[in-house]
Amino acid sequence: MLKLNKFRVAEHFDRRYRTSHMTFHATIDKKLLRFVIILAAALFLRLLMLGRESLWLDEIASWNFASKDLQQVLRSEPTNPPLYYLLLHFWMGWFGTSESAIRSLSIVPSLFSVWLIYHFAERLFTRGVAYIAAIYQATSTFQIYYAQEGRCFSLLVSILLLATFSLWNALESDSPHRRYLYYGAYAFLGALALYTHFISIFFLAGHGLYVLFRRPKQVLAVGTSIAASLLLFSPWLVTMLGVASGGGQVRRYLLLKLPQTYFSFLFGDSLIPLDEEAVQHILQTLEANWWILAGSLLSVAVLVSFWRPAWKRWGDRMLFVFTMALVPVMLAFLVSFRVMLFDERYLIPASPFVYMVVGATMWEIRLLAANKEVPRWRVNTGWAACGIYCVLLALSLYHYYFTSRFGKEQWREADAYIDSLVLPGEKAMIVFDPDYLLPCYRYYATRNLYGWRVTPQIETELRTSGTPLEEHTRGFQRIVLVRSHDNEDTVVNAMERFFSRESYQKFNKANPIEVYSFRPPTK
C-alpha cells in the first residue's frame, strides 16, 4: 500500500511537471509566432514595390558617392559622415546598382528596429505595449518610406535605438560589471550614430539631459561615455568643420515644420500631402483634407487624455521615452533659428519613442476597461479613438502604395523624355540647373549626351551677362535645360532671351523636374 501511494505521488508530480513544461513552451511558441508574423509583415511591406519609383536626387547622390573607391568614398561628402556610404559601397559590390539593390540595404536595419523596439518596450513596460509598438514600427509609412530609400536614416534609427536601449540598461543595472559593459556599448554606438549623421548629437544631448535631472548620480558615467563617443568621432569632426560653410539649409517654413514633423511621425507623409506644393497651397490642402485632419486631431486629443494615467502607472519609464520623443526634436528646432538643421527625416530616430508613448497609452485604455470603477463612456471613447487612429494609419498605407499623388522625384521618366527629344546624329547639350543634377541624368541615361553644369558662379554671371551661355552653347543644334530643387529663374530667363523654346515638360511628383528644349538661332 505504501509503495502504491509513492507511485501515485510520483505520477502526480510528473503530471504537474509535464503540464507546466508544456504550458511554458506553448507560451514561448505563441510569443515567437506573433513576433514572426510582425516581422514577416514588416518585411513584406518593405519589399512591396521597392523598385517602382525612380531614385530621387539624394538617393542618386548616395549611388554616386558609394560607387567610388574607398578613399574617395571617405572624401566624397565631407559635410556628411561616411558610414552609410561605406556600407553601401560594399553592398552594391555584392548586389548591384539597380534601384531595388541600392534601397534594399536600408531594409536590414529597419527590420532590426522592429525587433529592437519590441524588446525595448517590453523591458520598459509590458509585452502588450511591446506588441503595439512593434506593429506600429512595422506598418508606419514613415518607417517604410525610409526603409525603401537609399539613404542613411533607417540605419540611424536602429543605431540610436540600440544606443538608447544600452543606456537604459546601464542606468537600471545592479551589476557594476554589466553597467560598465553597457556604458562601453553606449559609447561605441554613440560614435557609430555620429558617423552616420550629425543630427545624432541632439539625441546624445537628450540622453544627457534626462540623466542630469533624473539620475544625477550617474552623470559622470554618462558624461564620460558621451565624451568617448565624441572623441571617437573627432577625426571626422575636424574634417567636417574644415569644409562647413555654417549656412545650413535654406530656412523655409520653419514654424510649420515642427507640427509637420510630429504629424509625419504619427501618420506618415502619405496621409495628406505634405510636400512643397501642398505648403504653397496650404488653404486648398486643408480644405481638401479637412475630414482626415479632423479625425487625426480628434483621435490624438482623446488618446492624450489617457496619457496622464499611463504616466502615473509607469512613472520614470514613461518620462524617459517621452524625453527621447521630444527633447532632440526641440533642440534641433531651436538651433535652426540660428543654423537651419531641422528636417523630419533627420529626426526620424525620435519616432520609435513616439510609438512607444502611443502604445503605452493604448494599453492604458485596455487596463482601464478592466476596472469597473472607470465610467464606460470614457473607455468606449478611448476605444473609438483607437479605432479612428488605426483607420487613418491604414489609409496612409493605402495612399503610400496606391495613390499617384505621393511618391519620389521622377528622374527615370524625365531622363527617358530627355533622350527622346534628341534626334539621332543631332548635336545636343544638356544644361543642369543647379549643377548637382548631372548624376541624376547619368544614372538613367541611355545616351552619352554632353552636359554643362550651371554653378552658382555661372548663375551669378548670367544675371548681368549672357556671355557664358553663348560661349558654352556655341555649335550645338539643341539645348535641353533641366531644372529642379531651384527657385531661381536666372538660367531659364537667360535662355529664353537667347534661344527659342521648342517644348516644355514638367514631372510633378515630390520636387518637380522641369525639362525645356531650346533651338539656337540660325545664322
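The model is predicted. Its aromatic pairs number 40. Its largest nonpolar core holds 141 residues.

**Aromatic pairs**

- Tyr-145 and Tyr-146 pair edge-to-face, with 4.9 Å from centre to centre and 75° between the planes.
- Tyr-146 has a relative accessible area of 5%, so it counts as buried.
- Tyr-398 and Phe-402 form a tilted pair, because their planes meet at 45°. The centres of these two rings are 5.5 Å apart.
- Both Tyr-398 and Phe-402 belong to helix α18, which spans residues 376-402. They are 4 residues apart, about one turn of the helix.
- Tyr-398 is partly exposed, at 46% relative accessibility.
- Phe-402 has a relative accessible area of 53%, which makes it exposed, since the cut-off for that class is over 50%.
- Ring pairs join these residues into a cluster that includes Tyr-145, Tyr-146, Tyr-398 and Phe-402. Phe-142, Phe-153, Phe-198, Tyr-262, Phe-265, Tyr-346, Tyr-400 and Tyr-401 also belong to the cluster.

**Charges over rings**

- Arg-378 places its charged end over the ring of Phe-306, at 4.8 Å from the ring centre.
- Lys-427 sits over the face of Phe-476, 5.1 Å from the centre of that ring.

**Nonpolar cores**

- Within the largest core of 141 residues, Met-356 and Trp-411 have the most contacts.
- Helix α8, residues 153-172, is the biggest contributor to this core, giving 13 residues.
- Another core lies apart from the largest one and has 17 residues. Among them are Trp-452, Leu-469, Leu-481 and Tyr-516.
- Leaving aside residues up to four places away in sequence, Trp-411 touches Ser-54, Leu-55, Trp-56, Leu-57 and Ile-60, among others.
- Further contacts of Trp-411 include Leu-437, Cys-440, Tyr-444, Val-482, Ser-484 and Ile-513.

- Strand β4 covers residues 500-507, and strand β5 covers residues 513-519. The two run antiparallel and are joined by 7 bridges.
- Arg-501 faces Phe-518 of β5.
- The hairpin formed by β4 and β5 has 5 residues between the strands.
- Ala-510 lies in the turn and has a positive phi of about 55°.

Terms used. Residues are numbered from 1 along each chain as its sequence is written. This is a predicted model: local features need pLDDT of at least 70, side-chain atom pairs count only at pLDDT 80 or more; totals for chains, interfaces and linings use all residues. Side-chain values use heavy atoms; hydrogens and water are left out. Two strands pair if DSSP finds at least two bridges between them. Rings of Phe, Tyr and Trp (its six-membered ring) pair if their centres lie within 6.5 Å; planes under 30 degrees apart count as stacked, over 60 as edge-to-face and the rest as tilted. Buried means under 20% relative accessible area, exposed over 50%, partly exposed in between (1.4 Å probe, protein chains only). A charge sits over a ring if NZ of Lys or CZ of Arg is within 6 Å of the ring centre and within 35 degrees of the ring normal. A nonpolar core is a set of buried Ala, Val, Leu, Ile, Met, Phe, Trp, Tyr and Cys residues joined through side-chain atoms within 4.5 Å. Contact means heavy atoms within 4.5 Å.
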